[in-house]
Amino acid sequence: MNVVELVEVTKVYELPRGSVKALDNVTASIEAGEFISVMGPSGSGKTTFLNIIGCLDTPTGGKVAIGGENINGLDDEALTKIRRDKIGFIFQQFNLIATLTALENIEYPMILKGVNEHEEKSKELVSSVGLEEALGENKPNELSGGEQQRVAIARALANDPDIILADEPTGNLDSKTSKDIMQLLKDTNERGKTIIIVTHDPQVASYTKRTFRLVDGRIDSDGVFL
Amino acid sequence: MIFFEFAKRNLARHKFRSVLAIIGIVIGVLAITALGILGNSVQLAVSEQLCMIGNELVVYPYGEEAISDDNFEKIEKVAEAIPVQSMGDKATLNGESTFVMVYGMRSEDIPKLLEKEAGQFLKHGSLNCMVGSRLADNYELRVGERAALQSQKPRIVGILAERGVGFDINPDNAIIVSDKMFDSMYNTTGYNSVIVKVEKIEDVEGAKEEIEARLNKKEEVVMVMELKMIVEGIKGLFNTISIFLLGIGAISLVVAGVSILNVMMMSTVERTKEIGVMRAIGTSKREILRMFLFESLILGAIGGVIGAILGFGTGFLVDVLILHEASYLFAPSSILYVFVGIAFGVGTSVLSGLYPAWRASNLKPIEALRYE
Ligand SMILES: Nc1ncnc2c1ncn2[C@@H]1O[C@H](COP(=O)(O)OP(=O)(O)O)[C@@H](O)[C@H]1O
Ligand SMILES: [Mg+2]
């Protein structure tokens, strides 16, 4: 089954100085368990592509199905629920909630969903992303960039989502840390998670099995790295 | 409650700003509570003293002439009437000379109007006297001692209970003698005032009209003062004062509300990115709204409770220092203001938080995420 199905998706942003076509007639399908990178120059529509799959943005035209469910026309509440239960987000700037400790950040999506035992589960997740459990008591600003991104990955995994979306996850990390994070994402994929990573870095893309290239909002090529 | 926890931590993150917002609410609630209690206490104090005499009328002569016996009889036909003679005079008490009011009343009328604290009331035609409580205190007068008035030395047989300021007579600083004694000391005729008592407060109006009809037929002979009217007037005045004071409190709350609105707006703008992240990972609009409303609720509740406590304290100080009576403070109508104050504080705060919270919850997730 295809976990992501885009059919002739177009996204136009209306701006005061005219409209911008961020995605132009994009058709793509992603199967469960795939490990995909999305590459392309700045402004080519990579983030928009990811946001539409992540139910953060809605297309101007075309059809989008996530986990077999057509999301066209769903209201904000329904889309929020899909994001909470089926999707895990990882950002370039880590974007942990500053007032919460690392462990609480991981617990948060589970609390939103009403998962029991979120405390134990968050501790398991902390060690599964390769962090000492004691680090979990720290606030995000007391952690290094690599540690924060590990916490963010644990948070993205909290509700056992169908898809992990990562927008330039190594963009703020040095190359050594980038490798560690990519290895962690690769391991996560090998345990069965579908992962889509936006990046400019060919080194990062080399970890993935398939690459989408975007140019001016169009999918240009769809290759496989082996 | 995770969103309550968020609210607490976000407020703690900006302690100085939160404290400022709370101070605004504290002042508003303090003003409302203290002023409300104060206005209420004054009103209670006044009506307590005035209600006893609400069913009285006082008839005064219109011109220089006193009220004649004839006219007194006419008044008596309308309702129970107490004739009062009065004269300002110099008396010697415990060796000190002082200016006092001397009232001459029929012995049987005295218990109807006044209460005694010690000793006895005057017997019919007595040549003794009673003294008011203030005089007794100031000159350390005791039952059995003598006062010196004119050429007489009446024995003090009774001391009156304190009565406060009245519209009929003011006995606290006075000497009360029998009508016979009064006539023997002063060469006057007629009465300086006649106090009319009706059974029910509703009868006051009718009695007043009837007395005027009977006595003022040809020319204005008497003036009828209706205490009920004065009482109502004074109560109305204090009502107005209370409302005015509450108004000041309300204005300070509005100012506090604006400052909360300001703080909350700042907070939503600063946290735009965080709101975007929270929305992205599955927080609903309603949950964002709740988080911000909790913040304003916490500010309002803390400010409200502190303000109400300080307001109650202020009310207590003023009651004790100015009204010399703390019991009004614990009257249900006073206690009510403590809750009114808290309710207004919380209400103002939540109301002011409503717009910022609504704005925050309606931010578009992608735009909030792009915000730097
Ligand atoms: N929320 C938005 N409002 C208006 N224009 C946008 C918005 N998001 C993206 N764009 C525009 O759409 C185009 C694609 O943007 P984006 O998807 O962020 O590209 P990329 O991630 O590849 O750099 C750009 O021209 C960008 O300016
Ligand atoms: Mg981008």
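Helices in this report are DSSP runs of H or I with at least four residues, numbered from the N terminus. In this predicted model, helix α9(B) is followed by B:Gly282, a residue whose phi is positive, near 110 degrees. Helix α9 itself covers residues 272-280 of chain B, and because nine of its nine residues are buried, the helix is largely enclosed by the rest of the structure. The buried residues of α9(B) include the charged side chains B:Lys273, B:Glu274 and B:Arg279, and B:Ile275, B:Val277 and B:Met278 are also among them.

Chain A contains seven helices and 10 strands. Its radius of gyration is 17 Å, close to the 17 Å that the globule rule gives for 226 residues, so chain A is as compact as a globular protein of that length. Chain B contains 12 helices and 10 strands. For chain B the radius of gyration is 33 Å, well over the 21 Å that the globule rule gives for 372 residues, so this chain is more spread out than a compact globule.

| Property | Chain and value |
|---|---|
| C-alpha span of chain A | about 50 × 40 × 40 Å |
| C-alpha box of chain B | roughly 100 × 50 × 30 Å |
| Buried residues of chain A | 53% of 226 residues |
| Buried residues of chain B | 50% of 372 residues |
| Accessible surface of chain A | about 9900 Å² |
| Accessible surface of chain B | about 18100 Å² |

Carbon and sulfur atoms account for 45% of the accessible surface of chain A, and for chain B the corresponding share is 60%. In chain A, residues 24 or more positions apart make up 69% of the contacts that have a separation of 6 or more, while in chain B 79% of the contacts between residues at least 6 apart in sequence join residues at least 24 apart.

Chain B has 36 positive and 43 negative side chains, with the centres of the two sets lying 13 Å apart.

## A sheet in chain A

Four strands of chain A form an open sheet in the order β2-β1-β4-β5, with antiparallel pairing. The edge strands of this sheet are β2 (18-31) and β5 (69-70), each of which pairs on one side only. Strand β1 (residues 2-15) runs antiparallel to β2(A), and 10 bridges join the two strands. Within this pairing, the bridge partner of A:Asn2 is A:Glu31 in β2(A).

## Two positive phi angles in loops of chain A

A:Cys55 has a positive phi of about 60 degrees although it is not a glycine. This cysteine is placed in the loop between α1 (46-53) and β4 (61-66) of chain A, where A:Cys55 has a relative accessibility of 1% and therefore counts as buried, the cut-off being under 20%.

A:Asp160 is another residue other than glycine with a positive phi, in this case near 50 degrees. Its loop lies between α5 (145-157) and β7 (163-167) of chain A. The relative accessibility of A:Asp160 is 55%, and because exposed means over 50%, this aspartate counts as exposed.

A:Thr188 belongs to helix α6 (residues 175-190) of chain A. At 3% relative accessibility A:Thr188 counts as buried, and, leaving aside residues up to four places away in sequence, this threonine touches A:Leu157, A:Lys193 and A:Ile195.

B:Asp137 is found in helix α5 (residues 133-138) of chain B. With a relative accessible area of 59%, B:Asp137 is exposed. B:Asp137 and B:Asp172 are 35 residues apart in sequence, and their C-alpha atoms are 9.9 Å apart in space.

Note on methods: Residues are numbered from 1 along each chain as its sequence is written. Chains are lettered from A and ligands numbered from 1 in the order in which they are written. This is a predicted model: local features need pLDDT of at least 70, side-chain atom pairs count only at pLDDT 80 or more; totals for chains, interfaces and linings use all residues. Side-chain values use heavy atoms; hydrogens and water are left out. The radius of gyration is taken over C-alpha atoms; the globule rule is 2.2 Å times the number of residues to the power 0.38. Buried means under 20% relative accessible area, exposed over 50%, partly exposed in between (1.4 Å probe, protein chains only). Contact means heavy atoms within 4.5 Å. Accessible areas come from the Shrake-Rupley method with a 1.4 Å probe; for residues, only the protein chains shown count as cover. Two strands pair if DSSP finds at least two bridges between them. The place of a charge is taken as NZ of Lys, CZ of Arg, CG of Asp or CD of Glu.
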